[in-house]
Amino acid sequence: MRLTQRLCVSASNRTSAGMPANSFNGFTNYGVGIGLRIPHYHHIFQHQPVVDWFEIISENFMVDGGRPLAVLDQILERHRVVQHGVSMYFGSAEPLNREHLRRLKTLVKRTKTPWLTDHLCWGSVDGRYTHDLLPMPYTFEAAEVTARKVREARDFLEVPIAVENVSSYAEFHVSEMTEWEFLNEVVERADCGILLDVNNIYVSSQNHDFDPFEYLNAVAPERVAQIHVAGHSKYEKYILDTHDHPVIDPVWKLYEHAIARVGATATLLEWDDRIPSFDEVHAEARKAERYLPAPVETLVPA
Amino acid sequence: MTLAELQKRTAAAIMAPLTASDEVAGTWRSEADALIKANSRLQPLERLEIYSRSYWFRVLDCLYDDFPGLSAALGRRAFNRLSRAYLTERPSQSFTLRNLGEGLEAWLRAHPQFAERHLELALDMVRLEWAHIEAYDGPARKPLGPEDLLELGPELRLSLQPHLTLLELKYPVDDLRIAVNQFVEEHDSASNAVAERDKHRTVRRYRRLKPQAIHLAVYRAEDSVWYRRLETDEYRLLDALRQGLPMGEAIEMMLRASAIAEQQLGGLVQEWYAGWARMGWLCAAGV
């Protein structure tokens, strides 16, 4: 019997020849997304734009009721959502916060996020929170503590976890390795994914005088679940990760290099301050498509 | 140095109060040197300062966003002093900044000097603004409608929605909070200079707010927060229901301090219950 064949290509099954979707992002390939932000709610509900996916800040929706959850439910009716957290603090020496985990699991069930991300950082001490993404001391003890907490969170939440490299402005004397060696140490011990933020690599490379391509080349490509791009602010003596500008060319070059290493990967533009129109943010995000490999044409029997 | 020790020392340095010019105090220099590397452009203290400023500006902005009425009642400078003192003594104890102000009322009662001559006004406003936060995203239970209340009897027990807060206040701070909200909305597009001038006028006007005892319900309906003034008797009855009393005992409690004539009682209670049901305030007890 002859089968007529047709081409079936969509954002959700776009794959790269080099690196398929992996277990760290739930074997998905989501394409190019943007962060779900309040100033865009009206536009999204009125115009119902086609967006590959939205990233939400988990903590904004870990509430008991009201408008945040009503908005989220409306978004979930039409869009794919991935959760991104800012206060799990895998790197804090203290144990995970059980109330935080409980609320996060409730939200995971609501969104059905295929993977979940938070930062490779610390931010709380003795139950007191800085609400910042503080840089890790790159020590073996810190890697073990962090990896154990990532494993505990994954086991409780029952969803793949990827950790994001943060921008940093300080380094500790006690560090025993480079940041990228520490990242690899943690993800190997935890057997988790990486949310590779190429803007953060750029910012930290400028603040700490290292070669960002050396960092990128050291990252385990098979563990990259997602990529972040963003803009930043340059000051006289340092660069601040402000997410309030378009992505600069050197960061796109890093993105291009990352894609060449890891293949087509779910990519998200972060724009969190001085937020322009939805269309402007979306257009900036879609610049990433220039660097993504052409979709593989999947042959599907008619 | 262990991870725990490094984090305790670093957090202490970051969360220490900034100087009047928003710098890290020079007394932290040796600690910064001990913990943090210098680079070719920045000394350890300067690198620490990036984090310290970021921490303080974030939590101060958050407290201002949550308590704009308190800021209007006290004036921005006094509010700033209060905020820094509160956050120094009681840093965030929650993974979410939503809860940053949860200890503010108790703290202000223990530190009345930060409200200067406006303590009662400030306390009332703090209670209202915290109730506003609770109403915005607090839990809701299935409301009872008028059809669920056809047979009101003395043994009937009802609960109030968890997002609803009942407040007994000495000042009409709801008026001030609404005026502050309107001010923010109207001045979103105005120039900074115009906004600052108008804000000072608004602040001066409301700092002269006269005492007036009011009872208030702060609640959520259709995903918006509402304030509704209550009659004293209505407040007392709702407060008794919130305490879990059955309807008969709740009415008795209300009547102890009420001047309602007996012949008016039945109709008034029916009217109140119908109104509360329409607003979705009532839910089944004991869930």
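Shape, helix packing and contact in a predicted model

Modeller: Chain B has 12 helices and five strands. This is a predicted model.

Biologist: What makes H6(A) and H8(A) oblique to each other?

Modeller: The axes of helix H6 (residues 198-208) of chain A and helix H8 (residues 249-262) of chain A cross at roughly 125 degrees. Roughly perpendicular ends at 115 degrees and roughly antiparallel begins over 145, so H6(A) and H8(A) are oblique. Their axes come within 9 Å, and the crossing is right-handed.

Biologist: Which residues of H6(A) and H8(A) meet?

Modeller: From H6(A) come A:Val198, A:Asn199, A:Ile201 and A:Tyr202; from H8(A) come A:Pro250, A:Val251, A:Leu254, A:Tyr255 and A:Ala258. By class, this contact has eight nonpolar residues, one polar and no charged.

Biologist: Why are H4(A) and H5(A) called oblique?

Modeller: The axes of H4(A) and helix H5 (residues 179-190) of chain A cross at roughly 40 degrees. Roughly parallel needs an angle under 35 degrees and roughly perpendicular starts at 65, so H4(A) and H5(A) are oblique to each other. The axes come within 8 Å, and this crossing is right-handed. Among the residues in the contact are A:Glu144 and A:Arg151 of H4(A), and A:Glu185 and A:Arg189 of H5(A). The classes here are six nonpolar, one polar and four charged.

Biologist: How many residues does each chain give to the contact between A and B?

Modeller: Chain A gives 38 residues and chain B gives 40. On the chain A side, the elements that give two or more residues are helix H2 (67-78), strand E6 (122-125), strand E7 (128-134) and helix H4 (140-157). E7(A) gives the most, with six residues. The chain A side has 17 nonpolar, 12 polar and nine charged residues.

Biologist: How confident is the predictor in chain A, and where does pLDDT stay under 50?

Modeller: Chain A averages a pLDDT of 92, on a scale from 0 to 100, and 91% of the residues score at least 70. Over residues 1-19 of chain A, pLDDT stays under 50. For that stretch the model has 36 contacts beyond four places in sequence.

Notes:
Residues numbered from 1 in each chain as written. Chains lettered and ligands numbered in written order. Predicted model: local features only at pLDDT ≥ 70, side-chain atom pairs only at ≥ 80, totals over all residues. Contact = placed C-beta atoms within 7 Å. Helix = DSSP H or I, 4+ residues; strand = E, 2+ residues; numbered from the N terminus. Nonpolar A, V, L, I, M, F, W, Y, C, P; charged D, E, K, R; others polar. Axes fitted to C-alpha atoms, helices over the stretch in contact; angles between N-to-C directions. Left-handed = near helix turned anticlockwise from the far one by under 90°.
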